[in-house]
Amino acid sequence: MSIYIRAIGNISIQDTLGKSSLEQAIAYAEPHVRCIEPDFKSYLNPMMMRRMSRIIKRAVVSSMVCLQEGGIEQPEAIISGTGLGCIEDTEKFLSAIIDNNEKFLQPTYFIQSTHNTISSQIAIFLKCHSYNNTYTHRGISFETALMDAFVLFKTCRIHTALVGGHDEMTPLYFVQLQKLHFWKEQVHNSLTICTGSDSQTAGALAGEGSICFLMSDEENDRNYAEIKDMQLFYNIKGSEALLQQIEQFLNRNNLNSSDIDVFLCGNSGDCLTDPLYHEIHRKQFAHSTYASYKNLCGEFFTAPAFGLWSAASILKNGKIPDIQRLNNVQTTKIRHLLLFNHYKNKNYSLILLSSCGY
Amino acid sequence: MSQKVYVTGLGIVSGLGIGTTETVQALRTAKSGVGQLKYLQTNHSDIPCAEVPLSDEEIRKMLEFSDNEVITRTSLLGILAAREAFHAAGLKDNLPEMLRLGFLNGTTVGGMERSEQYYKDFINPQSDAYTPYIAAHDCGACSEKIADYIGCFDYVSTTATACSSAVNTLILAYNMIKAGFLDVAIAGGTECLTKFHLNGFNTLMILDKNPCRPFDETRAGLNLGEGAAYLVLESEKVVQQREVKPIAAVAGWGNACDAYHQTASSPDGKGATMAMQQALEMSALEPADIDYISAHGTGTDNNDESEGTAVMNLFGAHIPPISSTKGFTGHTTSAAGSVEMVISLLAMQYRFLPPNLNFTQQMHQLSFNPVERFTENVTIRHLLNNSFGFGGNNSSIICSNVNY
């Protein structure tokens, strides 16, 4: 059985909603960038909007756009990945508890605070009783959601799934992660963050996103790409062991590293975490086109969802935007793309995609 | 693909105590874990809860953590239960190389119990106090703390579907083993009591000031609890390879969204009915094959009516013995699914029915009464476990006795 990306809805810090490729990349010169939001009023009625927090509005609209493109009203699964869940409402309820000393509290923020509010609000919006799940695991939150969908397809439980990665970065959470040295103090040009002077410093640019995929096991001319296989690893000791795992992963798909045309990685311009990508590229994929995507979307816990959008876009359009290239290897025909991300050299994800024409 | 998935180890901590032995003893003697708060510092100390009867310091000592270790109560409880399951399945000394081992955790509050104490410092850019605990706040961090203590996992993930988190984690573990992505999984959930949850549920006005009375006409809400429980699941092939005796087989699951309201269940119990029905279909079982239902049974007006209606929808006039054990453990939220699954499997293993504490009066909407007394010498061939969460995340699992 083959699993395809059928449609996408992407709200990010770029102009991506309803677009299958990026027409004009926007450069930022600040360390914390919020999403470019669509006019929610043109998608949601005022009654609905009043009850929805920012992340819910984004998630519902990116889901709507995705399902409309895919021509499906009721997916057989709704699965979300989110690193922080509905953090804005969590913060509001937490602050109210502390500021009012556990008195005079309203339930609204609590009700909206749980991570699974996103999947469940999408389900309520669609009146969809299908399989519904939510994952939250740091930098692999989206990939664990995708893994859930993947095994549901593989065990023949579903034929379609709406899988999303959703995260917002509130000013208060930005401050907290800043204290843990997640972010750069200064960003000169986000687009060249992986290659320019910004790549010499530690930390990343904080981004956000709400990115949904309609996955289907049906062949269709409009499919973006096929997701051949995926795998997640935890706490691999040393890059040699990681190289071995990647090789085994490719081998089980009857491929080896020379078959990979594009090696699309989670480089964020952080001089502490990017060297692992460089090393894997140098040792295993030197012949492949080496590309980044976080110079477009910034870093957030579900940024690999933007990576999957970028991978799907590259395979559908058959070309790699120059702004994403990290080397000069040219490929005439892109057949196989490996999407690789690691979170603090502790969580690793591999997603193997192939072009549908192949 | 057609391989069976077996349960080979159990671990649990709750208000009933530490480990399966203390849990069975409490169930047998009808000793509830619900009582006055001792460890959680809150203005609502008049609200009864079921706390795990150990302080953080005592657990740290048991696990040989230093005072400086950055770890939250959610993880501490999780380690106690995961360690028991790991040992019970014999994985410590009998873990063949090359197997892919996963730690699949369910939690929703994560490290909130510390965050709510340190929050003012967390969000103050000028403060350095407690900064390491910022990194311990998120749910994934809590899962990794547990995984790293046991220390042999190739895969770690975290499910967060509020009160059905643990059952959905068990479903993921089953599916990943079926699909060949894992050979062995330790799966379940953990959650500690927090002011965040206590105040949250309190604003919803669904906390009973007295011990909760699930499926009772006079029920007036739930009692919150805390705890952790894990099951070791492994493929048939690994069971044979390791020559271990399984406790039960996972027969099937259901997951459906009520899609009705963020915090209320539909009165007709649509999502709940669908989840149970799917689990029966996948297990290729008839309602009459189910010998015990471990209900979600929170004790709220809304849940028990909705769930009870769903049970009647599906089982008609022949409703199997059913109980909610939340009168014992309180509602352990994200851990509830695995806490109750472990209790159910202990019942299957030791041939008893867990009672539904504090029941006196039948609900007027329902045709059935829950199990009232600890009943021995009962054969459970197949059991059904329900867990329902905010957002209408409804899930059910069926486990089968391997001796029948």
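Predicted model: local features only at pLDDT ≥ 70, side-chain atom pairs only at ≥ 80, totals over all residues.
**Entry 1: B:Asn369**

I started with a cut-off: a residue is buried if 20 or more other C-beta atoms lie within 10 Å of its own, exposed if 12 or fewer, and partly exposed in between.

I located B:Asn369 in the loop between strand E12 (352-353) and strand E13 (375-376) of chain B. Setting aside residues up to four places away in sequence, I see B:Asn369 touching B:Phe359 and B:Gln362.

**Entry 2: A:Pro31**

Next I turned to chain A and a loop proline. A:Pro31 sits in the loop between E1 and helix H1 (46-51) of chain A. Is A:Pro31 buried or exposed? A:Pro31 has 20 other C-beta atoms within 10 Å, so I put it down as buried.

I then listed what A:Pro31 contacts beyond its neighbours within four places in sequence. My list reads A:Trp183, A:Lys184, A:Glu185, A:Gln186, A:Val187, A:Leu205 and A:Ala206. For A:Asn189, 158 residues away along the chain, I noted a C-alpha separation of 9.8 Å from A:Pro31.

**Entry 3: helix H7 of chain A**

I went on to helix H7 (residues 171-179) of chain A, where the buried residues are A:Tyr173, A:Gln176, A:Leu177 and A:Lys179. Looking down the axis of H7(A), I see these buried residues fall within an arc of 155°, so they line one face of the helix.

What covers the buried residues of H7(A)? I found helix H3 (87-99) of chain A among the cover, along with H4 and H5 of chain B. Just after H7(A), I noticed that A:His181 takes a positive phi of about 65°.

**Entry 4: where the chains meet**

I looked up the contact between the chains, which takes 54 residues from chain B and 48 residues from chain A. On the side of chain B that touches chain A, the elements giving two or more residues include helix H4 (112-122), helix H5 (131-134), strand E9 (248-257) and helix H10 (270-283) of chain B. By class, I have that side of chain B at 23 nonpolar, 24 polar and seven charged residues.

**Entry 5: the domains of chain A**

I have chain A divided into domain 1 (3-216) and domain 2 (228-354). Their centres, taken over C-alpha atoms, are 22 Å apart. Domain 1 of chain A brings 51 residues to the contact and domain 2 of chain A brings 36 residues.

Which element gives the most to the side of domain 1 of chain A that touches domain 2 of chain A? I found that H6(A) does, with seven residues. I classed that side of domain 1 of chain A as 22 nonpolar, 24 polar and five charged residues.

**Entry 6: the domains of chain B**

Finally, I checked chain B, with its domain 1 (5-242) and domain 2 (251-401). The C-alpha centres of these two domains of chain B lie 21 Å apart. I noted 60 residues from domain 1 of chain B and 55 residues from domain 2 of chain B in the contact. H7(B) gives the most to the side of domain 1 of chain B that touches domain 2 of chain B, with seven residues. My class tally for that side of domain 1 of chain B is 30 nonpolar, 22 polar and eight charged residues.

Notes: Residues numbered from 1 in each chain as written. Chains lettered and ligands numbered in written order. Domains from an automatic or database assignment. Contact = placed C-beta atoms within 7 Å. Helix = DSSP H or I, 4+ residues; strand = E, 2+ residues; numbered from the N terminus. Nonpolar A, V, L, I, M, F, W, Y, C, P; charged D, E, K, R; others polar. Arc of directions from axis to C-beta.
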